[in-house]
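Have a look at the fold first, then read on.

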Amino acid sequence: TESSIPAVPPSDSYKSAISATMDGIDKYQLINEDNVPPIQNKTNKTKTKRKDEKRRQKQSRSERELNYKNVRETRPERPQRSSRHGRGRSRHKTRAYEYSDSEVDARSKDSYLGGRGLKCSSGESGAFGSFETSILDTLGENDVFYVKQKYAYFSIILSILQLLVMMLMMALCGVAPLDVNPMVGPYPDTLSYWGGKNTYLITNDYEFWRFFSPIMLHAGVIHLFCNVAVQLETGAFFEREWGSVIWVVVYFTSTVGSIVTSCLSRPNSISVGSSGALMGLFGAKLSEVFCISCFTMSKRGVYRGHNIHMEQLGGVLCSVAIVSLFSFIPFVDWAGHMGGLFTGFSVGMVIFSIQIESKQYRFLWGALGVILIGLYMSYSFYFLFTEIQPDNELADVCEYYRQIFHEGYDCACQVQ
């Protein structure tokens with residue numbers, strides 16, 4: 001039999017409990033889209049906020065990286081210019097970086113990279129990781145170039161001193177006519193008085209300081225500007241790349257090799273200029289590129305940009321050809337250029353052999369450089385002081401040049 005249960009009307013307390021329960025469920029369902037509990041305290045809100053911030057940062061980082069790569073892919077490449085040997089500006093703290101001109105224009109490098117959070121210093125974090133990692137991933141290993149210092153101190157100082165010496169020499173001793181000095185400069189005897197290469201004074205009066213002083217003098221304004229332009233362009237970049245110590249060693253050793261070669265080949269002439277020292281820098285760069293191409297270098301990070309070194313090789317060969325053209329102007333000696341080039345190459349063999357990974361090749365290549373320098377210098381100095389007999393008239397360069405230029409020659413700076 002079916003039993004009937006009398007209906008009991010719900011009490012007010014029961015109704016209120018059911019209503020509160022349903023309200024809680026509705027409220028939970030409305031705010032539970034992100035699985036957030038219906039009742040949140042202050043700690044949960046803080047954690048949620050941090051997670052949201054990290055998610056937004058990660059998303060914005062990915063978007064910036066994607067946009068940067070898209071810009072790199074769509075950016076038209078600029079034509080390469082061989083006269084600029086990997087030159088460029090770089091912001092620097094502990095280590096500076098250079099970039100190929102075919103990748104980023106030098107005038108917009110800082111704004112192009114800085115606008116994307118990249119900084120040109122080792123160990124700094126940019127928009128997506130450390131600079132070195134992000135740049136290598138974006139540009140490629142062969143497009144990043146390392147230099148040791150930001151400024152080329154000695155290149156700038158020497159260029160300023162050379163300019164001041166030329167101005168002072170022309171102010172005190174006058175300017176020679178173009179038929180005497182077509183380079184728009186002082187009289188030839190002035191070059192000798194101020195420290196030019198004079199073989200007679202070196203071998204008879206033992207003025208050995210003349211092995212170094214000719215680099216501070218130039219035949220004229222045209223000669224000076226051309227040499228200083230090369231020195232501040234290519235020479236300055238080599239100093240930043242190698243460091244000032246290596247640059248000074250190569251520069252002044254090449255100067256001695258240049259002057260002694262000039263004394264051997266043309267003992268009866270006065271010559272000046274820093275062209276021989278610049279050729280020595282080019283010779284050292286040729287030696288460095290040869291080492292990188294033929295041997296495995298131990299400092300892989302420094303020599304990572306192989307194609308940039310090859311680009312520099314083409315620029316160096318062009319610079320050698322340009323500087324060699326000055327061999328045919330007055331008071332400049334082609335033999336000095338060749339002597340500086342050979343000396344710089346030999347010194348570069350010794351310096352850059354230190355970075356060769358193989359101990360056997362390192363020893364053989366460095367020893368070969370030492371042998372070449374030793375034999376060349378010892379033979380040259382021995383032959384200079386025993387076999388070379390310069391013209392005695394070079395003791396009085398004023399009379400010497402008066403015999404060559406019969407009329408209108410003025411010895412304005414004659415030393416009594």
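Keep in mind that this is a predicted model.

**Helix α10 and the largest core**
- α10 is mostly covered, with 16 of its 20 residues buried.
- The largest nonpolar core is made up of 31 residues.
- Helices α8 (221–242), α9 (244–265), α10, α11 (306–324) and α12 each put at least two residues into this core.
- The top contributor is α10, which gives eight residues.
- Phe238, Trp242, Trp247, Tyr251, Leu281 and Phe282 are the residues with the most contacts inside the largest core.

**Around Trp247**
- Leaving out residues up to four places away in sequence, Trp247 touches Phe154, Ser155, Leu158, Gly235, Phe238, Glu239, Trp242 and Leu281.

**The other core**
- There's also a second, separate core of 27 residues, and among its members are Tyr187, Tyr200, Ala219 and Cys398.

**His337**
- His337 sits in helix α12, residues 334–352.
- Is His337 buried or exposed? His337 counts as buried because its relative accessibility is 2%, and the cut-off for buried is under 20%.
- Beyond residues up to four places away in sequence, His337 touches Ser275, Gly276 and Met279, along with Ser258, Val323, Ser324, Phe326, Ser327 and Val332.

Key:
Residues numbered from 1 in each chain as written. Predicted model: local features only at pLDDT ≥ 70, side-chain atom pairs only at ≥ 80, totals over all residues. Heavy atoms only, no water. Buried < 20%, exposed > 50% of the residue type's maximum accessible area, 1.4 Å probe, protein only. Helix = DSSP H or I, 4+ residues; strand = E, 2+ residues; numbered from the N terminus. Contact = heavy atoms within 4.5 Å. Core = buried A, V, L, I, M, F, W, Y, C linked by side-chain atoms within 4.5 Å.
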